[in-house]
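Here are some notes to read alongside the model, in numbered points. Please keep the sequence and the 3D view open as you go.

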Amino acid sequence: MVKHLAPFVAALLIAVLACQPAVENDPPNVILLMADDMGWAQTGYYGHPLLETPHLDAMAGAGLRMDRFYAGAPSCTPTRATVLTGRTNDRTGAFRVGDSINKQENTLAVAFRQAGYATAHFGKWHLNQVHPSGDNPLPRDDPHNPGELGFGYWLSHTNQFNLDPVFSQNGVPKQFEGDSSEVLVAEALRYISEQRENGKPVFAVIWYASPHRPFGAFPEDEEPFASLDDASKTHHAEIVAMDRSIGALREGLHELGIADNTLVWFTSDNGGLPDISYGPEHPGVRPDTTGHLRGFKKDFYEGGLRVPTIIEWPEGIAPRISSFPASTMDIFPTLIEVAGLDPESINDVHDGVSIAGVFEAEPARREEPIGFRASGGLAWLDNQVKLVRNYTAESPEAFELYNVIDDPEEQNDLIEQQPEVAARMRAELDAWNRSVDKSVTGADYPEGKVLPSGRDS
């Protein structure tokens, strides 16, 4: 048997054995998938010149394809914090890559657990301090492990992993064989099938490490990209394996009889990498992971923030394409409405809004702008207009203004032509910034900010 197919086959066997008919009116299972450093344009459904992603394409055709969905920040740790809290990352203590999320945060996992769900995290965590070795799978005594933030079961790693990964299973290292994306899905299906037998709905988070550096893939997945340089070849191969794992997940859910009432939300943690090649066989094609968008990972331009996103839920979403602007900060408020979670399970001060209405129809506009803040960069997105100060700006006052619908490449700076719009948006951004600054002091927590040592700040 081909090595990388082993987890896939095992998952299907487990799923078939556990197969039971779905019960109407059950609360939906919820599975959050997140790629790592996958750019907006790196899918077959967006016409990538090399990549084929048949399973993501099928998911997009069967669900809600969101063409203007944004990571909460243009980098890893900050965005992960926004997913779990519905708050911009600086409010949570996750200022930059490698920071620990504040343990006082109200998290999605706790909200689902309190609603009677089984909760599990699989894969990359990165909401704790990165260990000096860089490859620690997550020790039991880490005070910021997933179990400390609401997950009843976790098969996780602090940072990066590829082939034959070692994960921490609730604090105990365990070696696996195969491609990490497929291992994660096989283990998630195993967990879901067990909970299905126990009659419990599931909230599962699967955070891939692909296609982030360091790259690693099987030769057969690299073969279609043989004309590329080594890094680009393996980078693309990682996406192929991840796409295959998504196919295994979708099929496994069908075999379990729960696909119709399972919401699967796929996205990426930030924009794509800047140095991935399409090779000499595609002259004239921009070698960009972000397509026609400006910028890459770390940038506050569209290429750094806008990410591929699909929400599939057969019982709750009819297939269509949406241009509604939304972000990872909207995931928590949306799931409160969709899964019937306690509305008070999210911090009173949060930045996301429910987009459950978008599941049914396209709103005319978004009422609340989306704010972004991390590592010296800022952006304020009000529907089609975006005020941005990139992290590379030479001055704190070096703001730019773009209409990202008419000018998705962000080449025509409107800051001088539309001073009234710029002034209004700057005032809104400044007010939001003051609110975030207040959160940083611990003002959103009843007991104030508690440092990791247990001392109040």
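1. Let us start with serine 100. Leaving out residues up to four places away in sequence, serine 100 touches Thr92, Gly93, Ala94, Leu127, Asn128, Gln129 and His144, where contact means heavy atoms within 4.5 Å. Serine 100 sits in the loop between helix 4 and helix 5. Helices (H or I, at least four residues) and strands (E, at least two) are DSSP runs, numbered from the N terminus. Serine 100 counts as buried because its relative accessibility is 13%; buried means under 20% relative accessible area, exposed over 50%, and partly exposed in between (1.4 Å probe, protein chains only).

2. A word on what you are looking at. This is a predicted model, in which local features need pLDDT of at least 70 and side-chain atom pairs count only at pLDDT 80 or more, while totals for chains, interfaces and linings use all residues. Residues are numbered from 1 along each chain as its sequence is written, and side-chain values use heavy atoms, with hydrogens and water left out.

3. Now the whole chain. It holds 11 helices and 16 strands, and its C-alpha atoms fill a box of roughly 65 × 60 × 45 Å along the principal axes. Of the 457 residues, 61% are buried. Among contacts between residues at least 6 apart in sequence, 70% join residues at least 24 apart.

4. Helix 3 (residues 76-85) is mostly covered, with 10 of its 10 residues buried. Among them are Cys76, Pro78, Arg80 and Leu84. Which elements cover the buried residues of helix 3? The cover includes strand 1 (29-35), helix 4 (89-92), helix 5 (108-114), strand 4 (118-124), strand 8 (202-207) and helix 10 (331-339). Just after helix 3, glycine 86 takes a positive phi of about 75 degrees.

5. The C-alpha atoms of tyrosine 70 and leucine 305 are separated by 5.2 Å, although the two are 235 residues apart along the chain. Beyond neighbours within four places in sequence, the contacts of tyrosine 70 include Glu302, Leu305, Arg306, Pro325, Phe372 and Val404.

6. On to the aromatic rings. Rings of Phe, Tyr and Trp (its six-membered ring) pair if their centres lie within 6.5 Å; planes under 30 degrees apart count as stacked, over 60 as edge-to-face and the rest as tilted. By this rule there are 17 aromatic pairs. One of them is the edge-to-face pair of tyrosine 301 and tyrosine 402, at 6.4 Å centre to centre with 75 degrees between the planes. This pair links distant parts of the chain, 101 residues apart: tyrosine 301 is in the loop between strand 9 (262-268) and helix 9 (302-305), and tyrosine 402 is in strand 16 (residues 400-403). Tyrosine 301 counts as buried at 8% relative accessibility, and tyrosine 402 counts as buried at 3%. Elsewhere, Phe112, Tyr117, Trp125, Phe151, Phe203 and Trp207 form one aromatic cluster.
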